[in-house]
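Dear colleague,

Please find below the structure that I am handing over to you.

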Amino acid sequence: MMRHVLPLLSAGVVLLLCGCQSFQSKKEKPRDLVLTSESKYQIVYPDRAKNAGTTALLREVALKLQRAFKETIGADFPVVTESRRRASLKNIFLGNTRVLRSKGVKPLKFKDFDFKIWEYNGNIYLAGSDRHRYNSSKAEKRYTAHILGTAKAAVYFMEHFLDVRFLYPGEVGTDYVKKDKIVIPARYKYSGVPTLKHGLGRNYEMFYDYANSNHGPGTLLSHGGHSYYPAVPAEKYFKSHPEYFALLGSGKNKKRNANGNHLCISNKEVQELIYKQLLKDVDSGAETAELSQTDGYQPCQCDACAKYGNTSDIGEKLWILHRALAERLLKDRPGKNAMIICYNPNRTPPKTFNEFPDNVMIELCNYSPQTFANWSKIKVPKGFLVYIYNWGWYNTTGATPKRTPGFVAEQARRFIKNKVKGVYRCGFGENFGLEGPTYYVYGKVLEDPTRNEAELVDEFCRRAFRESVAPMRTFYQALYDRLEIYSASAEQKVSLALNPKALLSTIYSSDLLDLLEKQLSRAEKLAKDPKVKQRLSLVRKEFDYTKLLARILALYNSYRLAPSRQALNVLLDSIEARNKMIDSLYDAKGRIKRLPGWKEIPFFGNMPKGQMKTNGRLRGPIEAPLTWNVKLLRTSSVLPGASKTSMVIKKALEPVQFNDFESGAWKRAAWQKLNGIQLGNVSEQTKFKILYDKDNLYIGVISDLPDKRPHSAVGNDGPAWREDAIELVIDPAGARSNYYHFIYNPVENSCYESAVGFIEDVLHPLYNKADPSWNGKWSYQTRRGNNKWYSLMILPFASIKAKPASGAMWTMNLGREIQIPKEEWPPKGHRELALWAPSLESLGFHDKDCFGEAVFE
């Protein structure tokens, strides 16, 4: 919370500002300072800062303050540099002016974004430390590259004396109130110490960010969460020093591997390189630098790493290493700090020690109440920075709203209570229209945890929508009441939070959508102020997107309950309308368009068009029905999903042989045929049978394949999909959620396998993706002849931790990649895809909704 010192000081009292004794009070009783449209003032900023970018940004501050005076009290105060100020005018001094320094005040000595405001003899002083964040003299225009304590002072002054509100980024988002005058108490003094030293992630516009606790990284140098990459880059060191990198694999296949840039942390030279990067970062001017392992960390399996730290705990080894490096830094660079990441595999506090050196900050990626309770037992002198996942279209709600004012207010208070000094807002700002009040609450409660979220939402609505405030209050209250479902289900780990179709269908029911539409329409009719109209147009764009998505899901649910051509056509109409809406949001180069007259707002956070099509990534994507081929479905007679491709997997009553699949155990199994992925014809036909016994699943496949076509082995986990291939995706749970993926080619030692969706850690880079590091114990045999390719795949149930009982139903699909070279199909060759269970809707092997059903005899 900022410190506020307000006073009328008695005669003879000295204002102690940074040790200054020059602002002496006169003996007569001081008078309050009153500013009106007739006041004669000038806004003065320093002639030159060390960095030209700092000077330019201070001019922006001066111009914003000038506009605020003009819009509120109607005063038109000129903006001048200090060398050009006029003696006949009173002054509003900004920053490190000569006048201020002559009085013994040295703003450049202020810490971080701290600032001071005071009035003396009719002049107003707004000052903080204004400099490049690394003290560089190289001109840089980005405000996040600077520390601008004076900007923080000016924003505070505008909010508290001019009643300005920074509701959204940009001038459209700034709200002014007409006033006859403003009154500043005589000898007013305010010392501002922001609760956060670092506000990273998505920054949008200087004044909005400075007003809402998102002012930039400050003196922190971050490598995006991972400092090992620049410290020991594989492209520089792997060829000459493979021993620097992790020994990975199993059995005889272990080898030094550059994939992922994972390091051998027991190697002394590697430790030195990591430390040299830390020194380089702090020597560049940063006060705090990041110390953090690679993403999706894979530990080195060498003997020295196994012994390192006298522990088998992989995460503890990292704590031990990073603490030792921080201790060296404390000795070598007093006053400089290391920020150590707490992230898989060291996502829990250390166990072998309970105190960090005085120069350590911890970066948390999990920030639950229990997490802070665990860390309360560990001394962390510099506190915490949290990397938050409140927003981002990787959430289950995708491109639609995610958080409520109540949720973020509780979180912000928890952070301040637990010594959080920085917040990295991942994904922030994708829904300024529908989440604007939530963003506002977050910034204000981080600044002052005593603020009330209900009052802040009310203030936001009154100032943002003015004459339209009544319906917009109702709009947001109804939206946020329902949106609590997401945060509540996610915190309780309810499955609803992981199913975007079910979650969005639950939140956006028809009654809610009807209420929101009526309130928004009423607000639009009442709006007269141009800024109010622009703000409502932003709300409208985001709401129309959300409403159309919700309509599609409602129609899809109805269609699945009672599939019919009529229901399908209504659904396709809405999908087509959504596709046109999305197309209208992007220009010819695929870039999302900015809102007219409001360039500071990136619609949906500049979401890539491909991700917009599925409403998100990671937890957010919705494939069917959003990715359906509307044109094909309109012309075909197929009702997608009306019936599932199915088969019965027969028991093998005798040993399974790799033969022609017509004799022996195979006689009991029926052939299953592959067609084009959209039920069309393919150049090379494929059919298969499946059997099982108590230990294994057996898949026998026969496919057309010219004898003359050559193939090269790609090894294990190589790009097997680039050759002629058989692909199997299989979901033993039958839940159409997690599954295993196998590929093999017509040659030995040429295959690929992965486990998809089994990584439950949302912070892991492979969350909800394929994990190719998974290696199952399966095998395949292959032979060719008479332009046919025969293959047998054997999948032990133990390798996928499943054993089917009679009557069990698994979901699966089997596909064939047909890669016809240019010699057979000039001039460029030809590729075809064939599937057992067709994928008319999404055209992909991995659409879980299209998996067929396999029932065990």
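A salt bridge joins the side chains of Arg473 and Asp458, at 2.5 Å from N to O; the term denotes a side-chain nitrogen of Lys or Arg within 4 Å of a carboxyl oxygen of Asp or Glu. This pair links distant parts of the chain, 15 residues apart, with Arg473 in helix α14 (residues 469–491) and Asp458 in helix α13 (residues 453–465). Helices here are DSSP runs (H or I, at least four residues), numbered from the N terminus. Arg473 is partly exposed at 35% relative accessible area, and Asp458 is also partly exposed, at 25%; buried means under 20%, exposed over 50%, and partly exposed in between (1.4 Å probe, protein chains only).

Please note that the model is predicted: local features need pLDDT of at least 70, side-chain atom pairs count only at pLDDT 80 or more, and totals for chains, interfaces and linings use all residues. Residues are numbered from 1 along each chain as its sequence is written, and side-chain values use heavy atoms, leaving out hydrogens and water.

Across the whole structure, the search finds 53 salt bridges. One of them pairs Glu272 with Arg328, whose closest N and O atoms are 2.7 Å apart. Glu272 lies in helix α7 (residues 268–283) and Arg328 in helix α9 (residues 314–332), so that distant parts of the chain, 56 residues apart, are linked. Glu272 is partly exposed at 33%, as is Arg328 at 31%.

Asp587 and Arg591 form a further salt bridge, with 3.0 Å between the closest N and O atoms.

Conventions
Helices (H or I, at least four residues) and strands (E, at least two) are DSSP runs, numbered from the N terminus.
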